Each structure stands twice: as C-alpha cells, then as structure tokens.
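Here is a friendly briefing to read alongside the model. Please take a look at the fold and its ligand site before moving on to the notes below.

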Amino acid sequence: MKIAISGKGGVGKTTFAALLIRTLDQAGKHVLAIDADPDANLASAVGVSGAGDIVPIAEMEDLIYERTEARPGTIGGYFKLNPKVDDLPDTLSVKLNNIKLMRLGGVKKGGAGCICPESTLLKALVTHIVLARDEVVIMDMEAGIEHLGRGTAKAVNRLLVVVEPGRRSIDTAEHIRKLASEIGLSNIHLIGNKIRNKDDEAFLKDHLSGFEFLGFLPFDDALIEADLKGISPFDTESAAKKIVESIALHL
Ligand SMILES: Nc1ncnc2c1ncn2[C@@H]1O[C@H](COP(=O)(O)OP(=O)(O)O)[C@@H](O)[C@H]1O
Ligand SMILES: [Mg+2]
C-alpha cells in the first residue's frame, strides 16, 4: 500500500500523516514514512527521538556525490541519471517500533523539478520506494505532488488530500487534483480536518462535491498542545485518533 498525503500548508497533513503512521504501526504493519515536505518535521510528529537532528537526504553532499558522481548545486554538467538508491531506505532511515522514516529535504537551486544531482537522487529514491518496497509507504508531501511522476503515479494506491474549512484549502485541493490527473493519478480522496461543527463539514462537502471524503477529524486543542510540547499527536488523548483508526481500516 502506497499512500501520498497532500494539501495546503497548515491544514494538518503532517498531523494526519503521523496519526496514520502510528495507527498502522500499532496494527502490526511495517511502515516506511517519507517526509517529503522541506518545511515540515514528520519525525517529530511521529515521535522519533532526536527528530531535530536528522539530516535530510538532499543535504547529504557526500552521498549525492558518491551516487550521482556530481556535486549538489551543479546544474547542466554530467551526472548519473540512475543512481543506486535501493539500500538507502534501510541504511538512512530512523526507526521507531516498526516504522522507518526518511527525510528527503528540499532542493535549493531550481526547485524539485530541476535537472540537478540532488533532485535526480530524490526522484530515483521516491521511484524506488513507490515501485519496489513492500512496506506500507506513507508520504507526507507539500501542497503539490512534486516528487511523483508518470512512472510512479500508477503505483500510488491513494492520494489523500487534507482540507480544512476554508476557501484556500479548497482551491488547493482542486489544484492538486489537476496536477494528479496530468500524471494519471486519479485515486484521490479527501480528509476533512479542523472540523468545529456540522456546518464546517457541510461547507466542505458543498464546495468539494466532486470528491469523496474518507473522514472528518475534529478541531482539537489537544493536537495543538501536542505540537507545542513536541510530542506526537498519537501520544495524546484526542478524538481524532479513533477516526484515523477507522480511516486506516478502509485504505
Ligand atoms: N484537528 C486539528 N485541530 C487543531 N489543530 C490542528 C489539527 N490538525 C492540525 N492542527 C494544528 O495545525 C497546525 C498545522 O498542522 P500540520 O499538521 O503541521 O499541517 P501541515 O503539515 O499541513 O502544514 C499545527 O499546529 C497542528 O497542531
Ligand atoms: Mg507538514
């Protein structure tokens, strides 16, 4: 099972991803968790110790050089287009229970789509993970699907887009659907988050009538508190946990 999570910044992608990862882990699954959002810290939300010290793959200059034969930041020069990556999920991941977590980091020059050694390594890694790993893969992404492409779209079982009651998150969901359809990824479902009442739920259903929702998570101060304290949302008391459990059963 390969699941990608996207949505506007701040809607709760990382919170939801962390709850899902820990829920699946507790259910006995082996999970490979991919932090593909340079602005996020999935490791800390999952509850991995030393989360702040994890060096993202995109910043591992020696590794990038060793695998691509070019230095990060060089553009247009010669480098390998198919670097070896199959050992990386085991050697470079941090562990918690049966969870392996990798932090991809961001490509500084030219963006993730640039033809440079670091983005080539990341792309090769994501392709390998999606096509060849047999764990449950959960990818916490940005407000787009940068790391996915035509070659991997078919292998992604679901794209889950997190939305909150608000216009911009709705626009972002529509935009993501467009990007996804361009690469042939059509299995998209929504998760409503930060729901305060029935009106919030109705607002989202009304404005996103072309989508199917897998669940609605309540707005919960306990999740904010957990974030402030640097503990996993899974390690706090929240009604959201039960809902994520039922979502996990239907994936
Ligand atoms: N259901 C919720 N209720 C209240 N706060 C939430 C909820 N989900 C997420 N948050 C808070 O919203 C903020 C952004 O969440 P985060 O998961 O980091 O979003 P994203 O990964 O989409 O940028 C965090 O402070 C988080 O604690
Ligand atoms: Mg995030």
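Let's begin at the ligand: the residues of the shell around ligand 1 divide into 7 nonpolar, 7 polar and 4 charged. Keep in mind that this is a predicted model.

**The ligand shell**

- Ligand 1 is surrounded by 18 residues, and the closest are Gly12, Lys13, Thr14, Thr15 and Asp227.
- Two or more residues of this shell come from each of α1 (13–26), β7 and α9 (221–229).

**Overall build**

- The protein contains 10 helices and 8 strands.
- Its C-alpha trace spans about 55 × 35 × 30 Å along the principal axes.
- A compact globule of 251 residues would have a radius of gyration near 18 Å, and the protein agrees with this at 18 Å.
- Of the 251 residues, 49% are buried.
- Counting contacts between residues at least 6 apart in sequence, 74% join residues at least 24 apart.

**Strand β1 and its two partners**

- Strand β1 (residues 2–6) is largely enclosed by the rest of the structure, because 5 of its 5 residues are buried.
- In a regular strand, side chains alternate between the two faces of the sheet.
- Both faces of β1 are covered: Lys2, Ala4 and Ser6 are buried on one side, and Ile3 and Ile5 are buried on the other.
- β1 runs parallel to strand β5 (residues 136–140), and 4 bridges join the two; here Ala4 stands opposite Met139.
- β1 also pairs in the parallel sense with strand β6 (residues 158–163), again over 4 bridges.
- Across that pairing, Ile5 has Leu160 of β6 as its bridge partner, while Ser6 has Val161.

- β6 and β7 run parallel and are joined by 5 bridges, with Gly192 of β7 as the bridge partner of Val163.
- Helix α7 (residues 167–182) belongs with β6 and β7 to a right-handed β-α-β unit.
- β7 (residues 188–195) pairs in the parallel sense with β8 (residues 213–218) over 4 bridges, and Gly192 stands opposite Phe216 in β8.
- A right-handed β-α-β unit is also made by β7, helix α8 (residues 198–207) and β8.

**A closer look at Asp86**

- Where does Asp86 sit? Asp86 lies in the loop between α3 (61–68) and α4 (88–91).
- Is Asp86 buried or exposed? Asp86 is exposed: it has 12 other C-beta atoms within 10 Å, and a residue counts as exposed at 12 or fewer.
- Leaving aside neighbours within four places in sequence, Asp86 is in contact with His128 and Ala132.
- The C-alpha atoms of Asp86 and Leu125 are separated by 7.4 Å, although these residues are 39 apart along the chain.

Methods. Residues numbered from 1 in each chain as written. Chains lettered and ligands numbered in written order. Predicted model: local features only at pLDDT ≥ 70, side-chain atom pairs only at ≥ 80, totals over all residues. Rg over C-alpha atoms; globule rule 2.2 N^0.38 Å. Buried ≥ 20, exposed ≤ 12 C-beta atoms within 10 Å, placed from the backbone. Contact = placed C-beta atoms within 7 Å. Pairing = 2+ DSSP bridges. Right-handed = clockwise from strand over helix to strand, strands pointing away. Near = placed C-beta within 6 Å. Nonpolar A, V, L, I, M, F, W, Y, C, P; charged D, E, K, R; others polar.
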